Amino acid sequence: MAVPESIVRRVGKLREAIERHNYRYYVLDAPTISDAEFDALFRELQELEAQYPKLATPDSPTRRVGAPPLEEFPEVKHATPMLSLNNAFADDEVVAFDRRVRELLEGREVEYAVEPKLDGLAIGLSYENGAFTQGATRGDGYTGEDVTANLRTIHAIPLRLHTPQPPGSLEVRGEVIMRKRDFARLNEHQRADGHKEFVNPRNAAAGSLRQLDSRVTAGRRLTFFAYGVGIAEGGEVPRDKHSRLLDFLEALGFPVPPERKVVRGADGLLAYYREVGRKRDKLPYEIDGVVYKVNDLRSQKELGFVSRAPRFAVAHKFPAEEAATELLDIQVQVGRTGALTPVARLKPVFVGGVTVTNATLHNEDEINRKDVRIGDTVIVRRAGDVIPEVVAVVPEKRPKGARKFAMPGKCPECGSRVERPEDEAVARCTAGLYCPAQRKQALLHFASRRAMDIEGLGDKLVEQLVDTGLVKTPADLYRLDLDAVVKLERMAEKSAANLLAAIEGSKKTTLARFVYALGIRNVGEATARDLARHFGRLDAMLEADQAALMEVTDVGPVVAASILRFFAEPHNRKVIEQLRSRGVTWDEGAPRRPAAKGPVAGKTVVLTGTLPHFTRDEAKAIIEGAGGKVTGSVSKKTDYVVAGADPGSKYDKAVELGITILDEEGFEKLINKGS
């Protein structure tokens with residue numbers, strides 16, 4: 001049936017009016033019509049779409065009411081990682097952040113975009129030619145969950161961008177939250193219905209967004225605030241200032257925090273922090289700090305990232321929240337490296353928005369320093385998502401029967417001897433991979449993304465593999481068969497086959513990944529790479545003494561001692577032999593040790609653009625192998641800039657500072673001079 005043109009125009013006007021009123025109600029908090037008038041418009045649109053199904057498009061406001069339950073949330077790979085921020089808790093940490101930024105940018109004073117740090121769930125929203133197509137949670141930063149159907153129910157998220165000329169592709173990043181008033185209303189309904197109340201707005205928002213039935217999400221009053229862009233292709237997207245980018249997002253129909261500002265220098269940052277802190281209780285939503293970002297987007301690219309956080313931004317958290325409660329007992333947990341950590345078992349207390357029953361006591365020295373005794377009244381602190389800790393005792397409330405704590409002489413998990421290395425605060429179980437507590441954590445570390453990268457080997461599966469006795473060491477993973485894995489709980493034949501395929505695929509790895517996967521104490525990814533590069537072969541590493549190990553970049557006495565202790569344990573050597581005999585392999589090569597002399601020895605080199613015949617990692621390895629140092633930004637201390645295709649701002653900075661710029665041919669000639 002053909003749709004009359006008058007109906008098409010009316011539907012268009014209704015959608016435009018409904019989205020406009022949604023925007024005024026949910027984003028601006030300034031409605032111009034009554035709820036009854038809005039409901040009349042909405043009902044008319046619903047009736048027209050029911051009468052003319054061809055008009056019921058996915059971006060219609062009527063689609064916000066929720067869809068039937070989903071069986072599961074599909075995974076979404078983020079086009080660019082959704083990284084977290086490093087935290088600052090004290091003024092001097094903020095001053096240090098500003099100083100580092102200025103030093104890296106070679107500038108006197110830096111302009112920052114500042115905004116409240118909303119306490120919600122990080123989300124990425126994808127738009128194609130202006131239409132909302134997909135939304136995903138942050139997940140682990142690289143892979144999130146597809147919650148598109150639920151996000152469509154949030155009225156603050158535009159289903160179509162408010163511009164006639166949208167970017168071809170745009171990913172908007174922000175925070176899904178629940179306002180304080182809506183949280184209070186939700187808990188009133190929970191109480192009235194006899195259901196469990198939500199602890200805080202963040203948990204309520206996260207739980208509401210991850211409902212399998214989007215109709216439940218639609219019944220919760222969630223909202224959204226944008227804080228940045230992941231990718232942007234086409235359109236007039238600002239590419240100079242972060243503050244202008246937020247203004248642009250606001251013009252497209254996204255809510256952005258009205259408390260955002262632009263300030264200069266550390267003094268401006270701290271003044272803003274105190275200003276927002278004074279307003280915190282009066283804000284309509286929960287915040288747990290403020291965020292500082294270098295405003296200039298080119299400078300952001302120049303500063304880059306360290307580990308999994310940007311150098312150009314930091315979250316300044318508000319002071320920890322504290323409460324007093326009774327310490328019922330002190331128990332000991334055993335970690336992946338065998339560290340014994342005393343944990344306080346507490347009378348439940350509400351701190352920092354959650355009910356706390358356990359808190360860390362760090363180590364035996366801390367317990368003695370604070371004179372913590374079982375039965376004491378203690379002060380518990382919880383800062384953001386940081387593990388709760390016991391910070392002090394209330395001595396005047398100490399009961400007569402309060403008992404002192406002593407670290408056990410035997411491991412509570414396996415009964416093995418506990419020792420405390422000289423000059424260390426931590427006591428450790430000596431059983432290594434044979435201790436059940438260490439075994440599970442060691443397997444999870446071994447299988448993790450940056451180690452052997454065995455997809456599908458998560459907490460619950462490792463628990464079963466260890467508890468059933470199928471796996472005692474990482475080498476046992478490579479003896480698993482389909483019959484054994486299928487018998488595990490919740491393991492169908494297909495998922496079991498996928499796991500075995502992932503284990504088989506992990507056999508071909510790199511020496512650096514393998515060394516990191518072993519879980520040697522004090523050996524992280526960077527140190528594992530340095531060890532692999534320096535020795536070239538695992539056997540050479542196994543035979544190295546302390547002096548040889550300390551020749552490796554950034555390996556000092558403590559790290560060298562950890563490596564020696566690990567390789568000195570016969571059972572660790574046995575596991576390594578078993579892993580190799582069961583097919584775990586990597587390419588080995590000649591040692592690449594820093595050159596004492598040569599054209600780049602002691603020199604600082606910056607890589608930019610795409611080289612025709614070298615990857616970035618290959619070029620970096622060559623430079624470091626020749627005794628040079630590779631950094632991510634150009635400064636007066638830079639000796640050479642190696643530039644490939646599309647070099648960007650680093651090239652411009654090198655020209656400005658008069659630094660020697662080399663193409664790939666020049667780079668090869670320079671390196672070959674030392675050959």
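Strands E4 (residues 121–128) and E7 (residues 169–178) run antiparallel and are joined by 8 bridges. One of the residues involved is Leu121, whose bridge partner in E7 is Val176. This is a predicted model, where local features need pLDDT of at least 70, side-chain atom pairs count only at pLDDT 80 or more, and totals for chains, interfaces and linings use all residues. Residues are numbered from 1 along each chain as its sequence is written, and side-chain values use heavy atoms, with hydrogens and water left out.

A quick word on terms: helices (H or I, at least four residues) and strands (E, at least two) are DSSP runs, numbered from the N terminus. Two strands pair if DSSP finds at least two bridges between them.

On to the cysteines. A search of the whole structure turns up 0 disulfides (pairs of cysteine sulfur atoms within 2.5 Å). For Cys414, the nearest cysteine sulfur is that of Cys429, 3.7 Å away, which is too far for a bond.

Here is how accessible the two are; buried means under 20% relative accessible area, exposed over 50%, partly exposed in between (1.4 Å probe, protein chains only).

| Residue | Relative accessibility | Class |
|---|---|---|
| Cys414 | 31% | partly exposed |
| Cys429 | 6% | buried |
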